[in-house]
Amino acid sequence: ATLLLSRCLLKMVKENIVEPEDILRFCCNGLQGSTSPPRAWDPGEQEETPGAMASPSPTRNPTEVQMSQMVLPCHTNHRGELSTGQLLKWIDTAACLSAERHAGCPCVTASMDDIYFEHTISVGQVVNIKAKVNRAFNSSMEVGIQVSYEDLCSGKHCSICKAYATFVAQGPSGSKVKLKPLTPQTEEEKIEHSIAAERRRMRLVHKDTLKDLLTRSPRETAELETRDGSVAVPAEKTRVESVELVLPPHANHQGNTFGGQIMAWMENVATIAASRLCHAHPTLRAIEMFHFHGPSQVGDRLVLKAIVNNAFKNSMEVGVCAEAYGQEMSVSRRHINSAFMTFVVLDQEGRPRTLPMVAPEPGEGERRYREASARKKIRLDRKYVVSCKQTEVPLSVPWDQSNKVYLSYNNVSALKTLVAKANWALAGEKEKVRMYTLEEDKFLSFRMEMSVCIAASRAFSLLSDLRRRHEWDSHYASAELVQQVDNDDMIYHVVSQTLSNENKPQDFVILASRRKPCSKGDPYVVAFRSVTLPTHPASSNFTRGETLCSGFCIWPESEEMSKVAYYNQATPVYLNYVTTNVAGLSSNFCATFEACEKFLLKNKDELIVRL
């Protein structure tokens, strides 16, 4: 049979039915178990690579890295659960590989955003990590990481955490490298790419937010009684100090101490400190946003210190820092990293136990105690406003100084998310104005769009001032600026001409957040959402209205030409009004947008004089 097959193949080659390469490919596939016979090759076809060697899908992000790790006993703690330190190593490795795919050169971890661990992972389960670059800035880039676990026996998959890390590309001798821009392809990638600029902005003001909250918060004395009436535990009793010698296995491929290894060592000493307070085995629930301040190398000694800063009813914050020095007798130490970790102690049913209180030491201990309370407030704000899906956030969130950064982030990111949606459908066109709609599960959104002969920066300045909106929008009676938060965020009290079902005019308290382009191709953004202010409660003279997500995006088309688009995610109150326009039974939307164009053209030269 083998001889007969050989003669047939030789004849097919002589008669040019197949190429010799096809014979070789057939033989190789046969060794792998393939039984497909060779066939004539069509020059128009692309050669396929079988099995695991197949190239990625054309739509797959080229920076995407996938890692799967089986949880072995050596990776776990005393409960047979994956050590969080080990998980941090894997997360940092996958994120670094993704960053280096884009940069084409070595990259180092600069920072990591908040990480909330939703579940623990047991021996025998598989950890799946997916990392990809969301956006590249000048020399830094944001990498998004998704972590889930897989139970091979039941087939169950479950999300563990989502994280965002910032990496910096490094050239020879540690010099910074200018990164090429990243072009997002899918709807999800476009959303992440757009919102990455907002997350970067939030990181830069994180320290200022904490300082501002501490300045305005009253100084409180630590309570001396625990919740069960006994004396509070002195914080000093939870202090831990440990030293590690950085060996070659602890270094990355650049010779620096691996960032994931440093995080694992920090998690270890933090766990010990938490255990000394509760005399039990704690579970890490969250890691606060942190930054690496500098590198360390093989041969360095890393000193890791941890202490419980504050204990709340069901959770405690542990502060931990890492310092490095090069020689045993060295006096000066380099600050590598500081982090704040939140632990809980679970009972047999998996519910958080009540914890003993902490008595801080005078001076520095009291400062850490107060800062821990402030960080908890900020952490809750950030998780409540930033981490939630748009549909899970109430329309009018109370605004105050401590959450202003996160409400501004939510305001702008919600609009950018709406802009990046892929399923916009053209509903109508009248002269230069085009109307699009987007139908989702709970919302009907619309977009009005036109090109205007005005510079984008001038249109941005005019449309971001709500006090002038009544000049072109007949629905606005007045808009009063009630608080100038900063240069980019303002709060207005708006009175509408529209009467409610109670036959009273409507009023709104609106946060207006504006953003200039972060890089070439980005639009100017003006986002609006409702908030509540103690100084402007609902009045009996008006019916208080709310707006969920609306605003303008302005793209420069040339120096004197811009594409202006208005977006609105309609709330149920306005649904009838929106559908009437979408169905063509009213032209009010188009008329209002045409009035907007006339307003821009009329005032563009006036703006030049004022500037």
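**The largest cavity**

Modeller: The largest cavity has a volume of about 100 Å³. A cavity here is a set of points on a 1 Å grid over the protein atoms alone where a 1.4 Å probe fits but cannot get out, and lining residues have an atom within 4 Å of a point. Points are joined across faces, edges and corners, and the volume is the space filled by probe spheres set on them. Mind that this is a predicted model, with local features needing pLDDT of at least 70 and side-chain atom pairs 80 or more, while totals for chains, interfaces and linings use all residues. Numbering runs from 1 along each chain as its sequence is written, and side-chain values use heavy atoms, without hydrogens or water.

At least two lining residues come from each of β4 (126-136), β5 (140-150), β6 (157-169) and α4 (187-204); these are DSSP runs numbered from the N terminus, helices being H or I of at least four residues and strands E of at least two. Among the lining residues are Lys130, Lys132, Gln146, Tyr164, Glu188 and Glu192.

Take Glu188, in helix α4. Glu188 counts as partly exposed because its relative accessibility is 42%, between the limits of under 20% for buried and over 50% for exposed (1.4 Å probe, protein chains only). Beyond neighbours within four places in sequence, Glu188 is in contact (heavy atoms within 4.5 Å) with Lys132 and Gln146.

Terms used
1 Å grid on protein atoms, 1.4 Å probe; cavity = no way out; pocket = protein on both sides within 12 Å on 5 of 7 lines; lining within 4 Å.
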